[in-house]
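What can be read from the fold of this chain, and where should the reading stop? The paragraphs below go from the whole chain to single residues.

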Amino acid sequence: MKLRILTTLCLLLGITPAVAGTYDLEVGPISLDVSGQSVDGFAINGQVPAPLLRFKEGEDLTINVTNTLKVDTSIHWHGFVLPFDQDGVPGMSFPGIKPGETFTYRFKAPKAGTYWYHSHSGLQEGAGMYGPIIIEPEGREPFRYDRDHVVVLSDWHEDSPMQVFRNLKRSPDYYNGIQRTVGEFFRDAEQDGLDATISDRLDWGEMRMMPSDISDVQGYTYLMNGQNADQNWTGLFAPGERIRLRFINASAMTFFDVRIPGLKMTVVQADANNVRPVPVDEFRIAVAETYDVIVRPREDKAFTIFAETMARDGFARGTLAPREGMSGEVPDLRDPPRLTMADMDHGSMEGMDHSKMDHAAMGHGMGSMDHSKMDHAAMGHDMGAMMSGEDDDPFYAPGSGLEPDAANGGKFLSLADLRAQEPLYDERPYDREIRLRLTGNMERYMWSINGKKLSEAEPLRLQYGERVRFTFINETMMAHPMHLHGMWKIVDVGAGKWNPLKHVLTVPPNVTISADVEVDAPGQWAFHCHLMYHMAAGMFRKVIVEGGPEDTAMIDPELEKLWGMANADAVSGAHH
C-alpha cells in the first residue's frame, strides 16, 4: 500500500496523527484527569480523542487494530459505506477483537467528508474510544477555505459508563441536576395564574415526569478535542483566512448548541455530505452528527467557540485566535429549557388518566407534526423560506420547549434548511414504508422501537435494490438521533431530489419524520439510537439486506450466537 506522509497536515489540526500508510491502531487503558479527578478510560494509541486519520477518497485501506485490554473491543467506522463485515459491530459484522489479538480491516475509503470512528463494544465509546476521520476528495471541493480544524465535542463523566447505566436503571432522574425551583413556581403563577400553575405541576406529577428532563445524564465535563473549558483548545488563523471547522459530536449523551460570537458560520456539509451553503448564527449538533462550517475572522483578535449543552448544564469551549495563549469572552449559560405538553405523546404514557386532563388548555390542539403525510411540493412549501422569517422550526412540535433560538436573535440552523449540493441518487418513489415508533418507559429506563427492545424484536428485512421509506414517530419526551449503518438516509425536508443525505437523523419529541433509504448494501447492519444508554437499553434493531450482487446477506450462525450474547451482556465487562 502506498505510504502517505500526513504528519504536517495533522499537526496543523492540533491532533497527533496516526502512522500514515498502513495504519496501526492500539486500543488500551488510560487514566485521564480532565475534571479534577483521575478516571480510568479507554484510548486508541494512548490518546483521547483517538488520532486523526486522513485518507484519500477511494483509497484502499489496511488498518490493523490491536487490543491490549482485558476485554473484547472493536472499532466502527461511523458513516462509512463499506462491506458489512468491515463495519466493526461485534456479533453482527464480525466476532470482535479479543484481548491480545489484532484484527485487520480492509476496505476502500468512502466519499470525501468529515467522519469519525469509535468502539461498538459495551460502553467503551463513553469512556474515550472515539476519534476523527477526514476523507480528502479526489477533486476540488465546491467551496474554498485556507485551513481547517477538527473540533471533536465529547462528554466525560467521573462515574464509569457502566456505573452511570446502573444508576439510570435504579433511578432515571439520578443525574438530573436541574429541577424546577420555588422561584419558577411563583414566576409561572404570576404569568399564568395560580390555578394554571398548580394544575401544570399536578399534571407533570401525575405523569411521573419532569419538564426539566432534557438529558438523562448531567454532571459531565464537556470537552473540545479532549480539553476542558479551562484548558481552552485553540485553533489558529491569520486574519482574513477562510477557516473550515469540522465539528464532530462524539458524546455519549449530549446535544450541543454551537456558536462563535462575532462570527457568522456558513454550513457547507452535514454528516459528510456537501450541502448548499447556509449562513447561520448557531446550530444544534446531536450525538454522532457532524457539521462542517466556514468562518472568516478578519480581525486580529480571539473568538470563542462556545458549545453549550441543550440542557444548559455546561459547555465545551475553545478559541479561534491569531496566536496561542489568547482567549475571547466566554458567554454565560442561558436558562435551561423546559419541556412542554407539546413535547409529550400521551398515547404512550402508562398509568395516566387522560379523562382528568384538559387537553385544550394544555395545548394539545396544536397536535404533533407528521412530515410523512405532507406533500410539501403540492403544498408549495419552501421549508427554507419558512425558516428565514419568524416561522417556527417545522421539525419540532409546535410549542415544543426544545425548539432552539439563536442567542443573538439571528439565524438558527434547521433541518429544513439543508439541501444536497449534488444528489447522490436518482429521484424515484419509495417501494414501501416501514413505520418505526420510538418508544420507552422512562420510569424503568427502558428504550425500544415499536414497544420492543432489541432482544424481543425480529430483524428488519430489506431487499437489495428497493427503496424503503422509514417513518419515525417519536412517542417519547426525548430527542433520539437515529443511526443506520452502511446506508444513507435521504431525509424528506420537502426538497425533492435536493433532499439532504444524513447518517444520523434526530427525531425530536412528539414529531414524525421520514427518510428514504436506497437499499444498496447487502449484509446485516445495526440501526439504533446513538444516545449510548438508549442503545444499551434496547432502542436498537438489526437490519438484514437480502439479495444483491453477492450473497453476503447470509447470516453466519456463529455471529448470530455472538450477537445475542453481546446484547444480553451489553453493560458487563465494559470497563477494564
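The side chain of His528 makes a polar contact with the side chain of His485, at 3.1 Å. A polar contact also joins the side chain of His528 to that of His120, at 3.4 Å. The model is a predicted one, and these distances are computed from its atoms. His528 lies in strand E30, which covers residues 523-529. Is His528 buried or exposed? Its relative accessible area is 0%, and because buried means under 20%, His528 counts as buried. Leaving aside neighbours within four places in sequence, the residues in contact with His528 include His483, Pro481 and Met482. Met535, Met539 and Phe540 are also among them.

The chain as a whole comes next. Its secondary structure comes to 8 helices and 31 strands. Of its 576 residues, 60% count as buried. Among contacts between residues at least 6 apart in sequence, 76% join residues at least 24 apart. The accessible surface comes to about 22100 Å², and carbon and sulfur atoms hold 49% of that surface.

Confidence in the prediction should be kept in view. The pLDDT of the chain averages 85, and 81% of the residues score at least 70. Over residues 1-20, however, the pLDDT is below 50. The model gives this stretch 50 contacts beyond near neighbours in sequence. Where pLDDT is low, the predicted coordinates should not be read in detail.

The interior can be followed through its nonpolar residues. In soluble globular proteins, nonpolar side chains tend to be buried together. In this chain the largest nonpolar core has 152 residues. Which residues have the most contacts inside that core? They are Trp77 and Tyr533. Not counting residues up to four places away in sequence, Trp77 touches Leu25, Leu53, Ile63 and Leu82, among others. Its contacts also include Gln86 and Asp87, as well as the aromatic residues Tyr105, Phe107, Trp116 and Tyr117.

Trp77 leads on to the aromatic rings. Ring pairs link Trp77, Phe80, Phe94, Phe103, Tyr105, Phe107, Tyr115 and Tyr117 into a cluster. In total, the count comes to 24 aromatic pairs. One of them is the edge-to-face pair of Phe80 and Tyr115, with 4.9 Å from centre to centre and 85 degrees between the planes. This pair links distant parts of the chain, its two residues being 35 residues apart. Phe80 sits in the loop between strand E5 (76-78) and strand E6 (102-108), while Tyr115 belongs to strand E7 (residues 113-118). Both Phe80 and Tyr115 are buried. Another pair, Phe143 with Tyr145, is tilted: the centres are 6.3 Å apart and the planes make 35 degrees. Phe143 counts as buried because its relative accessibility is 11%, whereas Tyr145, at 26%, counts as partly exposed.

The last stop is a residue at the surface. Glu138 is found in the loop between strand E8 (130-136) and strand E9 (147-156). Why does Glu138 count as exposed? Its relative accessible area is 62%, and exposed means over 50%. Not counting residues up to four places away in sequence, Glu138 touches Lys56 and Glu57. The C-alpha atoms of Glu138 and Gly58 are separated by 8.0 Å, although these two residues are 80 residues apart along the chain.

Notes:
Residues numbered from 1 in each chain as written. Heavy atoms only, no water. Helix = DSSP H or I, 4+ residues; strand = E, 2+ residues; numbered from the N terminus. Buried < 20%, exposed > 50% of the residue type's maximum accessible area, 1.4 Å probe, protein only. Polar contact = N/O pair within 3.5 Å; in protein donor to acceptor, adjacent residues only side chain to side chain. Contact = heavy atoms within 4.5 Å. Areas by Shrake-Rupley, 256 points an atom, 1.4 Å probe, with all protein chains shown as cover. Core = buried A, V, L, I, M, F, W, Y, C linked by side-chain atoms within 4.5 Å. pLDDT = per-residue confidence, 0-100. Phe/Tyr/Trp six-rings, centres within 6.5 Å; stacked < 30°, edge-to-face > 60°.
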